[in-house]
Amino acid sequence: MLVCAAFALAFFYVPTDADQGFSQRIFYLHVPVALTAYACFGWGAWKALLHLWKRREGADLESYVAIHIGVIFGILTLATGSIWARISWGKWWVWSEKQLVLFLVLFLFYSAYFMLRFSIEPGPQRANLCAVYALFGVVLIPVSFLAIRLAQNFIHPVVFTRDGPQMAASQFATFCVCLAAMLALAATLYMVELTGKRLDEQLRELRELLA
Amino acid sequence: MTRWLGDVRALARKDLLLELRGRDTLPAMLLFVVATLVVFHFALPAGSSDLAAQGLLWVALLFTALLGLTRAFVAERDQRLLDALVLAPCDRSAIWAAKGLAVLAFLAGAEIVALPVFALFFSGLTWQTVAGVALADLGIAAVGTLMSAMAAAGRARELLLPLLFLPLAIPIVIGGVGASVADHPGRYLGFLALYDVVFAIICWASFEYVVTE
């Protein structure tokens, strides 16, 4: 429901951007999706840390599911960012767009996470390796951000500066609703996926017991 | 601390001795890097700028490092040595540090040849490139050793390592190329040093979990 409200606000309520016109509305999708992806990666890494540190049962699975959802949102970010870049800068891919490049690096990184996960037999060792790799991910985010920032000139519009958000109140309200909607969507997906995976596991155990 | 250093020295010595007797890794890396540079010479169209060659040097070095890293845990895996090392009464991070030192030594050996060859084939060499390579080597050895240990646990080991390592190496390439071509390389060299420190710390802290269950 929150998602519907967010889309309605983004399309009808917010005044059209004077400079970029209608296409600026994708901002309300692109940026919340990107922030949600970061949140998922962060959550996955936190669960990984819990697994390594406290040896909490099930933290490995939770970490994996969070990263799974994060990758889906990451792909969405890449797609929406690319469409936006096409409309406002005339190119599908702009290398000087540092946020998108960062997402590409992260996307490659987390795809490798899946490769790692699926090439090892399930068990405590797989859980450990995946947790360590997930922790590398959250360290990689700021490091690559710094690297990309060092390497490039800026044409990405920066909305959030040190003086607070640079937008009108109605825009900011819509943005917050959109962000909340995306986070809620991610959380729902996370719960659904987690329940599914747990069911799978229980089913497998049952089958083994019966066999 | 002295015990830890002693363990590291003994383990690194073992790796270097193995290489000295078997000579599997270093000659392969040397040949590979020279061959790659020759390929790059022909891959660059005539009249390409020196800047492009500087970038390709980093590609060549990265792939050479990858070649060495794939071999890093071969002996441990084939002879089931890693289990014995984990059982040994030493800090597990000593295994990582020793292996990293051995990788660093191989890498340095390959580069002592590769950099003059690059200078000969292409545009010459500046001190900032050498400094960048030296700093990048530390990061490559630290992160690469851990990734190599991780990949050794998987089914498709040789395939897995580049996938795991390359995304983590992108910041190294950015910093290294920046240090080679920028007018003021200080920022880039500083970034490479930061990368080394940050990743060395987390590799050191997390290696234990990679080899134990």
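Start with helix H2 (residues 25-43) of chain B and H6(B): their axes come within 9 Å and cross at roughly 25 degrees (axes are lines fitted to C-alpha atoms, for helices over the stretch in contact, with angles running from 0 to 180 degrees between N-to-C directions). That makes H2(B) roughly parallel to H6(B); angles under 35 degrees count as roughly parallel, over 145 as roughly antiparallel, 65 to 115 as roughly perpendicular and the rest as oblique. Helices here are DSSP runs (H or I, at least four residues), numbered from the N terminus.

Before you go on, remember that this is a predicted model, where local features need pLDDT of at least 70, side-chain atom pairs count only at pLDDT 80 or more, and totals for chains, interfaces and linings use all residues. Residues are numbered from 1 along each chain as its sequence is written, while chains are lettered from A and ligands numbered from 1 in the order in which they are written.

Now show side chains. From H2(B), residues including Leu26(B), Met29(B), Val33(B) and Leu37(B) meet a set in H6(B) that includes Phe106(B), Ala110(B), Val113(B) and Val117(B); contact means C-beta atoms, placed from the backbone, within 7 Å. By class, this contact of H2(B) with H6(B) has 13 nonpolar, three polar and no charged residues (Ala, Val, Leu, Ile, Met, Phe, Trp, Tyr, Cys and Pro are nonpolar, Asp, Glu, Lys and Arg charged, and the others, Gly among them, polar).

Next, select H6(B) by itself, residues 92-121. Glu111(B) is where H6(B) bends, by about 30 degrees (the angle between axes fitted to the seven residues ending there and the seven starting there).

Further along chain B, pick helix H8 (residues 157-181) and helix H9 (residues 186-211), which pack at an angle of about 150 degrees with axes 8 Å apart. H8(B) and H9(B) are therefore roughly antiparallel to each other, and H8(B) passes H9(B) in a left-handed crossing. Gly175(B), Gly176(B) and Gly178(B) are among the H8(B) residues in this contact, while Tyr188(B), Phe191(B) and Tyr195(B) are among those from H9(B).

Finish where the chains touch: 27 residues from chain A and 25 residues from chain B take part. On the chain A side, the largest share, 18 residues, comes from H5(A). By class, that side has 23 nonpolar, four polar and no charged residues.

Terms used
Helix = DSSP H or I, 4+ residues; strand = E, 2+ residues; numbered from the N terminus. Expected span 1.5 Å × (residues − 1). Contact = placed C-beta atoms within 7 Å. Left-handed = near helix turned anticlockwise from the far one by under 90°.
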